[in-house]
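Welcome, and please have your viewer ready with the model loaded. We will go from one stop to the next, selecting as we go.

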Amino acid sequence: MAHQVFWRSKSLQEMSSDEWESLCDGCSLCCLHKLEDEETNEVYYTSVVCHLLDMETLFCTKYEERCSLVPQCVKLRPEDVKEFHWLPPTCAYRLVHEGKDLHDWHPLISGRRESVKEAGASVLTWFEVTDDQVEEDDYIDYLIQ
């Protein structure tokens, strides 16, 4: 029998913390600020990215402190999967939750972290400004179409 990879054989809640963390493809699209329609709960992405994001490595510069430094930052947890509708449709956490497979450019498939950038699947494709360069009231002017 062929080897079954963990994201196909386990639910998000069954994964170890290392498996959970390895699902993150490093795209940093979750670091884009979003606006939510309160009536429809529809989520709209902006091209405004968190000022804590290192745009070369696509890692948070204050990962352990991010939720206290940026109150709207959300720490993804397996128990919150029902609320993952706001994650981008390419996000591995969302894909696994929805029973879909990972994209070919995901580092767990490609074996390379750079494949996310090379595929144009990272925040680098979308961002225009950091959140310390624009007022929150002006985020609507940066909606991604």
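Contact here means heavy atoms within 4.5 Å. Keep in mind that this is a predicted model.

**Stop one: Thr-46.** Select Thr-46, which you will find in strand S2. Is Thr-46 buried or exposed? Thr-46 has 0% relative accessibility, so it counts as buried. Now show its surroundings: leaving aside residues up to four places away in sequence, Thr-46 touches Leu-32, His-33, Leu-35, Tyr-139, Tyr-142, Leu-143 and Ile-144. Next, look at the polar atoms. The Thr-46 side chain reaches the backbone oxygen of His-33 at 2.7 Å, and a polar atom of that side chain lies 3.2 Å from the backbone nitrogen of Val-48.

**Stop two: the second largest pocket.** Stay with strand S2, residues 43–49, which gives this pocket the largest share of its lining, three residues. Then select Leu-29, Tyr-45, Pro-88, Trp-126 and Ile-144, which lie nearest the pocket's centre among its 15 lining residues. The space here is about 290 Å³. Colour the lining by class and you will see 11 nonpolar, four polar and no charged residues.

**Stop three: the largest pocket.** This one has a volume of about 1000 Å³. To find its centre, select Cys-30, Cys-31, Cys-73, Val-74 and Trp-86, the closest of the 41 residues that line it. Helix H2 (17–23), strand S1 (32–36) and helix H4 (92–97) are the elements that each give two or more residues to the lining. Colouring by class gives 27 nonpolar, five polar and nine charged residues.

Technical notes
Residues are numbered from 1 along each chain as its sequence is written. This is a predicted model: local features need pLDDT of at least 70, side-chain atom pairs count only at pLDDT 80 or more; totals for chains, interfaces and linings use all residues. Side-chain values use heavy atoms; hydrogens and water are left out. On a 1 Å grid over the protein atoms alone, a cavity is a set of points where a 1.4 Å probe fits but cannot get out, and a pocket is an open set with protein on both sides within 12 Å along at least five of seven lines; lining residues have an atom within 4 Å of a point. Grid points are joined across faces, edges and corners, and a volume is the space filled by probe spheres set on the points. Helices (H or I, at least four residues) and strands (E, at least two) are DSSP runs, numbered from the N terminus. Ala, Val, Leu, Ile, Met, Phe, Trp, Tyr, Cys and Pro count as nonpolar, Asp, Glu, Lys and Arg as charged, and the others, Gly among them, as polar. Buried means under 20% relative accessible area, exposed over 50%, partly exposed in between (1.4 Å probe, protein chains only). A polar contact is a pair of N or O atoms within 3.5 Å; within protein, one must be able to donate a hydrogen and the other to accept it, and residues adjacent in sequence count only if both atoms are side-chain atoms.
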